[in-house]
Structure formats: C-alpha cells, structure tokens
Amino acid sequence: MTARLSLLLLAASIAAPVRAHAQADPLTRPYSTEQCSSCVAWNAPHRPVHLFGNTYYVGTEGLGSVLIASPEGHVLIDGALPNSAPQILENIRSLGFDPADVKLILNSHAHFDHAGGIAALQRATGAQVAASAASADVLRSGTVGSNDPQYGTLAAMPPVRGIVAITEGEAIQVGRLSLIPHITAGHTPGGTTWTWRSCEGERCLDFVYADSQTPVSREGFLFGNSAQYPSAVADFQRGFEVLERIPCDVLITPHPAASGFWERVVTAPGGLIDPGACKRYAATARKQLQRRLERERSERH
Ligand SMILES: [Zn+2]
C-alpha cells in the first residue's frame, strides 16, 4: 500500500463516522443555526409536567407539546422540531406511558417549529395525524405554500403521510377523549386551536391549546392586501372572536412563553387556571394586528 493510499484510507475512516452522524435519521436531523438561530434555545430539554387530570406537558423549554392520556389511547398535540421528537418520546415514557399508545397527533400550525417533529413522532408511535385542509397540504409536502405569510423564510420539514382531514367544530375522538378543532388562522392559512376537558373526580377544566396569533411575514408581504392570502385579516379576526368565546380555564400556547406558561406552571394546577387568559391573548393579538396594518398603510403612502 502506498503512503498516499493509506493516508487516504485513514482520512476516509476518520471522515466516515462524522458523515454517518450528519446523515443520521433524516426525520430527527437538527436545523443548522443558519436555518434557525433560535432552535437550540427552543429545544432545551424540559421535564414533563402533569398539568391536571389526564393532561401533561411533554414539550421542550421553548416549544409546546401536550399529551392527553386515556386507557384507550392518547392524543398528542404538536411535535415541535424534528430533533425535539426524541425528547417528547422520552418525556412520554418517563410519565409511564407507552408512545405506541399515542393514537392521534394534532397540530397547531404547519411551521417547522411545531410540526417538524410530527413525521418522527408518527413513525415512532404509529399514530394517525389529523389536520385542517390547509395545514394538511403543508404537512404532506413539508414546505409552506406561497399563501403563507412567512413563505420563503422558513426551513422545510420532514413530510407527513396519511393525514386525516378535520372539520371545524367537529370533535375528533380517541376512545373517551374528545378534542374540538377551531380554525384560528392568520398566522398561517390553516392555523387551528384545540379544546378539550380534563377532569379530576367531579372537577373539570376547559383546556385551550391556542394557536399562534402573531402577524409575522416575509419582507414585502402585506396582511392588509395580499393576493396570495386575501383572507388573512378576516381569518385573524374570526380567530380572535373564537378565542374570546370558547370556555377557557387553562391556556397553553405553541410557544409557552407567549402565554407566561412557565410562570403559571410553578403553581399548577391552581396557578394554571385563568379564565381570562384566552380573552387577553386575543386582545393582545388584536392590538398587534392593528399596529401591523397601520404600519403597512403608512409605508404604502
Ligand atoms: Zn409559526
């Protein structure tokens, strides 16, 4: 063997494990910091938290994921990032549940930071995924359409197969569990808020996993005047009305910090309960949208 060849072989044997690691599991591969500068912070591990009754927080420090458990099977809302999936599965296991008993996975909105982990979670659990029609299109392809206000600025996510369509207001069931989808779009065209009841004995609480309501967009997109998403403002306003109307004892948001979740969870379950939380969440979002539309108008003149 020539020295040159043996050096090449040595280089290959050093490089191979690194390459194999980088190419490991496409469904849980982390985004680079160029793709997502917040992802490392968002994905910081967090222990699972029993919230109340059969409802558990199983997400990361910065990205929500909620398990609703039953003897006939469990429901999981949101999958956070692709590389959050192993943490979510570990959180489910450490609560004493078997991920294989997760029968249904739901989503708030089809962006990589809330839906990126769904493909890996679906593979690990064998669960059905259900989503609004507009979200299902994105989950299937792994990329958002040009009608998404953030189109062109978001990382792609592993595609999800076999998605069941949901109907607004129609409960979706797993055994005795029953969750109601409410379309609260605007942040994305398919954004969905989920509601359910959890009980401890006679005492029941109305839980709301309320979707993101922030008017964030690519450069040049106008919420007030978009050919790609003409109903953006009307969708937001309809969603605000939903959030103001639905019974809401406990508010959870896809980004826990958006609703002061960690401050409230310290004193769970009592401290989690805030029947005014959804109304305030909607009021803040209304103001944000109003400011955004004012800015769009002033920039056009
Ligand atoms: Zn988003």
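Let's start in strand β11. There, V208 is the bridge partner of T195. Keep in mind that this is a predicted model.

Now zoom out to the strands themselves. β10 and β11, residues 203-209, pair in the antiparallel sense. Their pairing runs over 7 bridges. Together, β10 and β11 form a hairpin, with 2 residues between them. Look at G201 in that turn. G201 has a positive phi of about 60°.

β10 has another partner to show you. β9 pairs with β10, also in the antiparallel sense. Here the count is 4 bridges.

Next, the metal. Which residues are the protein donors of the zinc ion? They are H109, H111 and H187. H109 and H187 each use NE2, while H111 uses ND1. These donors lie 2.1 to 2.3 Å from the zinc ion. Along the sequence, the spacing reads H-x1-H-x75-H.

So where do two of these histidines sit? H111 is in the loop between β5 (102-106) and α4 (112-115). H187 is in the loop between β9 (177-183) and β10 (192-200). Because of those positions, the pair ties together parts that are 76 residues apart in sequence. That brings us back to the strands we began with.

Last point. Are H111 and H187 buried or exposed? H111 has a relative accessible area of 2%, so H111 is buried. H187 comes in at 6%, so H187 is buried too. The cut-off for buried is under 20%.

Methods:
Residues are numbered from 1 along each chain as its sequence is written. This is a predicted model: local features need pLDDT of at least 70, side-chain atom pairs count only at pLDDT 80 or more; totals for chains, interfaces and linings use all residues. Side-chain values use heavy atoms; hydrogens and water are left out. Donors are N, O and S atoms within 2.8 Å of the metal (3.2 Å for Na, K and Ca); water is not among the atoms, so sites may look incomplete. Buried means under 20% relative accessible area, exposed over 50%, partly exposed in between (1.4 Å probe, protein chains only). Two strands pair if DSSP finds at least two bridges between them.
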